[in-house]
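Hi,

Here's the structure I said I'd pass on.

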Amino acid sequence: MTNTEIYDKLKAAFGDKIGDWHEQTGSEYMKKTSSYADVADTGYIRDVCLFLRDEPELEFDSLLLLSSLDNGDKTLSVVYHLESKAKKQYFALKVTVPENNANVPSVTSVWAHANWQEREAWDMMGINFTDHPDMRRILLDEDWVGHPLRKEYKQPEFYRGMKVPY
Amino acid sequence: MLSTPSSVLNAMTEVLERKMQTMPVPVKVVPAEKVEPNRIRTEEMVLNIGPQHPSTHGVLRLEAVLDGELVIDVVPFLGYLHRCFEKHAEAMTYPQVTPYVDRMDYLASMNGEHGYALAVEKMMGIEVPEKVEFIRVLFAELQRIASHLVAVGTFGLDTGAFTPFLYCFRDREDILEMFEKTCGARLLYNYIWVGGLSHDLHPDVIGMCRAFVKKNRATHKEINDLLTFNKIFVERTANIGILKPDVAINGGASGPMLRGSGVKWDLRRDDPYSIYDRFEFEVPVGTGMMGVVGDCFDRHWVRMCEWEQSLNIIEQILEKFPQDDKTDVQKAVPKRIKPGIGEIYARTETPRGELGYYIASKDGINPWRVKVRSPAFVNLSLLPIISRGYLMADLIIILGSIDIVLGEVDR
């Protein structure tokens, strides 16, 4: 099935909880792997993922990547790249949340891979995943303040009493 | 030997008999069934396998919760080598990111650079000349062999085999010499640029490569004899760290970790990029040869077979190589890289697994966001699941079989 067919199937199942289809212009490769569907209702992302994983025609058994994105206009996005190893098809989803209330349901119960990827998204971008079994920082120290990959992040002056030189 | 005179023997016997009469009666041994099971109190101990440790393959901290020697749980702590690659990439221009990409997976830099160049080229729609593709695939396969040599050598070290390590490094020197002749560096090359290469292939390299392939096949057999089929090695690695295929797929494993569990998935075969569809090679999977499917021996076996398959691919490349092609390798390198608005996720098969680059760009010469899906990071997240219930010594073996490189895990 192509991307657009999967999008139609998803839209038929979930109605207006799924937003628009964004197709990448450019090479065929980009169109195939990186065109994404917006999930308009953030609360339903776990149900959408369960549908994509369990539906026999779709069978998206692997989460390839879960990345966070700062859109620059006070919103954050989480992008999910999915792959079906059984049926060799791709799909991508995107969820957008406002910066000051960045809460997204966790998909750890759907794919175990999401566990560490969501911890990294919390660590770097400050997106809080609700119902995550182990929400704590993974790459930075536990007492680090701030989320570095946000565009307005500023280096702290002092860290544990030491002056940050640069 | 002088025989003891009988008078001395008699005297000794008398002394012993007297001693036996005054010795206390030995305590009767209580049979095992009569001992109360809760009489022995045990507690769980948290052991910190600290960031500095020769067997953690880098700066990785593991907190192992042990019951005696049994591992109850392992919690990895990362971040000791975090160098803010993703934030830096947002401040650099697209070509300037390439040296940073080298330093992430420093044992397989060519494969990492290849993936990044592929991602940006697909975003811009650049087609590279055929000669460039051949050189890229040749170096990617040589780098795969070099990385597997380190993996196999250090895995042997983890089990206590000191000899194969240096045999592997001896062969690795030949590969690094070829790289040094071409681009000047042994480990961190900055060679595969977006749209081409930094230098043309050195004229000596093809001849060196032919000699290397012959020599390396002998080393492959030698390492198999020394290490893979060694009884001690087999007993230490079989039936340890079993990863079931559905757990592997759901957990995102890739590379030898996934293929060791019996799943036949190789990006060079199932999602071909560059010119991999022109070469014939097999995809080895673990079959539970010495134990159960998905144990540490299977992952090691997959690496050994992949090493051999890479040698086959290199032989095919050397046959088909366009020798008299005089195209400039920098012909397709664009003067300014401005991909426009868009996102891409592009991936390649590195020695550790699926390395993916998610690049989002808004109009500009700097990438807006570069996220790296590093295979070692994802494979390491499976460590707690596969090491519960084994002994402490097995935990080190399991960690060695995952083949992590901390530069890639932490970025």
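A quick word on terms before the counts: helices here are DSSP runs of H or I with at least four residues, strands are runs of E with at least two, and both are numbered from the N terminus. On that basis chain A has 4 helices and 9 strands, and their order from the N terminus is α-β-α-β-α-β-β-β-β-α-β-β-β. Bear in mind that this is a predicted model.

As for the overall build of chain A, its C-alpha atoms fill a box of roughly 55 × 35 × 25 Å along the principal axes. Of its 166 residues, 40% count as buried.

The bit I'd look at is helix α4 of chain A, residues 114-125. From first C-alpha to last it reaches 15 Å, close to the 16 Å expected for its 12 residues. 12 of the 12 residues of α4(A) are buried, so the helix is largely enclosed by the rest of the structure. Among them are Trp116(A), Arg119(A) and Trp122(A). What do they pack against? The buried residues of α4(A) pack against β3, β4 and β7 of chain A, together with α13 (375-380) of chain B. Just after the helix, Gly126(A) has a positive phi of about 80 degrees.

Now the interface: 29 residues of chain B are in contact with 28 residues of chain A. On the chain B side, the elements that each supply at least two residues include α4, β7 and α13, while the largest share, 4 residues, comes from β6(B). That side divides into 11 nonpolar, 9 polar and 9 charged residues.

Cheers

Terms used:
Residues are numbered from 1 along each chain as its sequence is written. Chains are lettered from A and ligands numbered from 1 in the order in which they are written. This is a predicted model: local features need pLDDT of at least 70, side-chain atom pairs count only at pLDDT 80 or more; totals for chains, interfaces and linings use all residues. The expected span of a helix is 1.5 Å times one less than its number of residues. A residue is buried if 20 or more other C-beta atoms lie within 10 Å of its own, exposed if 12 or fewer, and partly exposed in between; C-beta atoms are placed from the backbone. Two residues are in contact if their C-beta atoms, placed from the backbone, lie within 7 Å. Ala, Val, Leu, Ile, Met, Phe, Trp, Tyr, Cys and Pro count as nonpolar, Asp, Glu, Lys and Arg as charged, and the others, Gly among them, as polar.
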